[in-house]
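Me: I am new to this structure and would be grateful for a close look at one part of it, together with an account of how that part relates to its surroundings.

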Amino acid sequence: MDFDETQASAPSGTDLAAAARLQLSFEQAPVGLLCLDPDGRIVRVNERVCQLLELDEAALLGRHYRQCLADGDDAQITAGQAQLLAEPGRPQRHEVRLLGHGGRPHWVQLTRYAIVDGAGRPSSQVWWVSDIAQRRQLKNMLQLSNRALAACSNGVLITDASDPGHPIMYANPAFCGMTGYTLAEVMGRNCRFLQNGESEQAGVAALRAALRRNQPAHVVLRNFRKDGTAFWNELLVSPVPDEDGRIGHYVGILNDVTALKEKEERLAFQASHDELTGLPNRALFQQRLREAMARAAAQGGAVALLCLGIDNLALVNESLGHAAGDALLAAIAARLRPCIGEHDTVARLGDNEFLAVLGRVGGSADVAPRCRAIFAALAPAFALEQQQLHAHASIGVALYPQDGGDSATLTRYADLALSRARADGGGQCQFFSAEMNQRTLERIGMEAALRLAIAGDELQLLYQPLADLQTGDLCSLEALVRWQHPQQGLLSANRFIPVAEEAGLTAALGLWVLRRACRDLRAWRDAERPAVPVAINISPRQFHDPGLADSVAAALAEHGLAAGALTLEITEAALLRDGAAASVCLERLRALGVGLTLDDFGTGSSSLSNLKRFPFDAVKIDSAFIRDVASDSGDAALSKTIISMAHNLGIKVVAEGVETEAQCDFLRRNMCDQIQGYLFAPPLPCAELDVLLREPRRLPAHLLRIQRQKRSLLLVDDEQNIVAALKRLLRRDDYQIYTANSGQEGLDLLAQHAVDVIVSDQRMPGMIGADFLRKAKQLYPETIRIMLSGYTELQSVTDAVNEGAIYKFLTKPWEDELLRGHIAEAFRMKEIADDNERLNLEVRTANHELASTNRRMEELLKQKQQQIHRDEISLSIARELLQHLPLPVIGMDDGGMIAFINGAAAALFHGGGALLGNEASCVLPELFPADGAAPHDGAGHNSHLHQADIGGLRYAVMVYPMGESSASRGSLITLSRCEVAP
């Protein structure tokens, strides 16, 4: 619209005024105006466009329209451009997005047309721009509202308020789905057809009243679907005013609440009954218990409260599932109902407990038969899941008024009695006693005090030394936690560990023991005491803590200790819960380097496979098997088996609870490695242990595993003069002589001392010689046994000889030299047997050490194989990375042969023939300096940088020697393009 200043004649005043008016009209137009040349470039804009786009005029002038349109919108403009210019004056309309300040799009309605010059040629375009952002937003909102109504899960309908019949004008798909009617079937109808004649509902009357007052309504109606089925719906009706405030429509929102109404009915029952069993629940039960107690108080009677627990319900849930457990509870409830009188109540209390109120009892004598009747009712098997199941029940009983005066106390006391019944093995009835309450209160108090003790560092560690049976030296310590209770004094672990387990304190307690043991170890190392490892006990709950290995590593690092300074003792119970998880945990601990010991082996559910499956260094034989190992053949056989089996697997054996030399002697003779017990040392506090570490204690020589002892002889005769005569005769032969006057005394001596040869009389009071020697052979088969008697009862002596209980039978009176000769011969046989045994022990020791070495080698081999596997993966990744690296890379071995060449290098030297396996200096001489100098960067590093011409291009050649931070060998050559200096 600019005036052409090149016109031949100057415009007249009238023309100038018209042009000025035209210019003002352009600038002040209420819509945006743009003038574009025929090519589509902006030559003029008005202020309205600049305001809309938040741009000044200079930013728009000269821009092509495509630069001002959002992606995708320029296509429709471009498509009509030719027609626009061909048909001047004919407008085109579009809705497009113009790009404003910062590239922000603005929705506009664009009307454009072309203008021709005097010759009829298109000279420009005019664009009228109207802001339609608000209109478009309203349109989008309307579309969104329609989609929302259609997608709404609630039924929505709109009725015409101007029509007295309130016909339906709109219904969404959810309404149709809820009622079963199609949209065509409901349009124009009044909603009352849904009541199917039940128009007298209270909700209908409330709805009509609200409509008459043009007010909202909220009602619940019983309606009927098209197929005749009834359903409950919650209806919210709101009036919709028009622009003048008059109510023109009503909108109703329907929500199907059939399930809710049914649930309300169920809740009404569940408010007072257990849904699974149909029995009264706790609330109703407590009400009836209080009523029964009130009647008893008024009539002078008693009330019995029974708490019945199903002891094996958890097992049923775990093995057959909770559905089977629920079915079992329902079946139990059905059997309990006939056991309860019409004036009594039985209820379900919790997962596996029932409560019963017996309202008319005279005392405990009346309750016991009722409990027996309940046990009898539950005794037959229950047929569930095609299996025969038995319910194992226990009952706790509390009586009103003698045990408690209110329902809460009586319920608590009955539950305590149930706990005692279960603790005593279950399957029984237990009446409450005051002692139960006292014990519970003490336990609660102990738990609270234990929490304070752990937090306040009031616990202490005692250390019990272990002795090596091969050297006799102290070889290890076991940390034993104790609690200095403010009222009860020093408590051993078995007094408070169960409390800690029930209270969930084992993790905190275990961490305290770990840190304290590491602190004491550090103190001994700083004091230059012998480096003796310490073992700590790990509870099953602590063992299954995923953070155990990290806690151990952190404690060792905090105190600057090597992993070998610590051994963790783990019971078999910890391994049974989850074998796979246990294996992972042990492998992590093994990777740390700490020692691992299987504790209390032989107790509980022992599995020999645990020794082979898990990486234990040692196994501990429980003290229960050691107590009578010298006198009980069963304990002796089990101990021998454990020792032999462990040694064959390369695992050391530790015996706990060794208190006598007889026990130690048995263990040393059967190749046990270490002992722990009061024979060597009791648990000691740190101060006393420090003295022992400064002045090392050793086992006596005669208790070591491989030894030579003085020859010992046991004389057993009830006549003192014969014993004295034999001692005088044999004293010259330098024997260690023990004497006994009966078979039992002889057995007692054998339990206390190692004996080589036994000489026994036959006829003795209490136990004849043949029986004594039989027992000695059974318990101490390595002894040589001789009978010396003037009484010959052939049958018993012959049987003993045939059984091997008697080596020789000599008669009284004896010839001195002949008797000395027989005894000397017996000692020679014993010495031969001892030499064989020593040799056997030495061989077994060597075999054990070999087995231990093999076990360690297997673990090392496994670790190496894992490392090789990881290295192979890393190597494959590195090779693939180098292969795809755009930088040419060549790898050489120690001899300068090409061992690797990546894709970029192969492409660079594609004309050089085969490269792999050839000497690099021969096939790629351009990579090496002309002077042949050894690669060296002058800074002490074995590397070299120089430049080379390859294929007419200049490259920087860098040689990296490998192996400085890894086990790799050879060199790596990289090439990179470099600029040629002018």
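**A loop and its neighbourhood**

P813 sits in the loop between β31 (808–811) and α33. Which peptide bond involving P813 is cis? Please describe this loop and the features that accompany it.

Reply: The model is a predicted one. The cis peptide bond is the one that joins K812 and P813, and its omega is about -15°. The loop that holds P813 runs between β31 (808–811) and α33.

E817 belongs to helix α33 (residues 816–883), whereas R732 is placed in the loop between α29 (720–730) and β28 (736–740), so their pairing ties together parts that are 85 residues apart in sequence. The contact itself is a salt bridge between the side chains of E817 and R732, at 3.9 Å from N to O. R732 has a relative accessibility of 55% and therefore counts as exposed, since the term applies over 50%.

The loop between α29 and β28 also contains D734. D734 is not a glycine, yet its phi is positive, at about 60°.

P401 is placed in the loop between β16 (393–400) and α16 (407–423). Likewise, a positive phi in a residue other than glycine is found at N214, where the value is near 55°. N214 lies in the loop between α10 and β8 (217–224), and because its relative accessibility is 42%, N214 counts as partly exposed.

D473 counts as partly exposed because its relative accessibility is 33%. Another salt bridge brings together the side chains of R954 and D949, at 2.9 Å from N to O. R954, with 27% relative accessibility, is therefore counted as partly exposed.

Methods: Residues are numbered from 1 along each chain as its sequence is written. This is a predicted model: local features need pLDDT of at least 70, side-chain atom pairs count only at pLDDT 80 or more; totals for chains, interfaces and linings use all residues. Side-chain values use heavy atoms; hydrogens and water are left out. Buried means under 20% relative accessible area, exposed over 50%, partly exposed in between (1.4 Å probe, protein chains only). A salt bridge is a side-chain nitrogen of Lys or Arg within 4 Å of a carboxyl oxygen of Asp or Glu. Helices (H or I, at least four residues) and strands (E, at least two) are DSSP runs, numbered from the N terminus.
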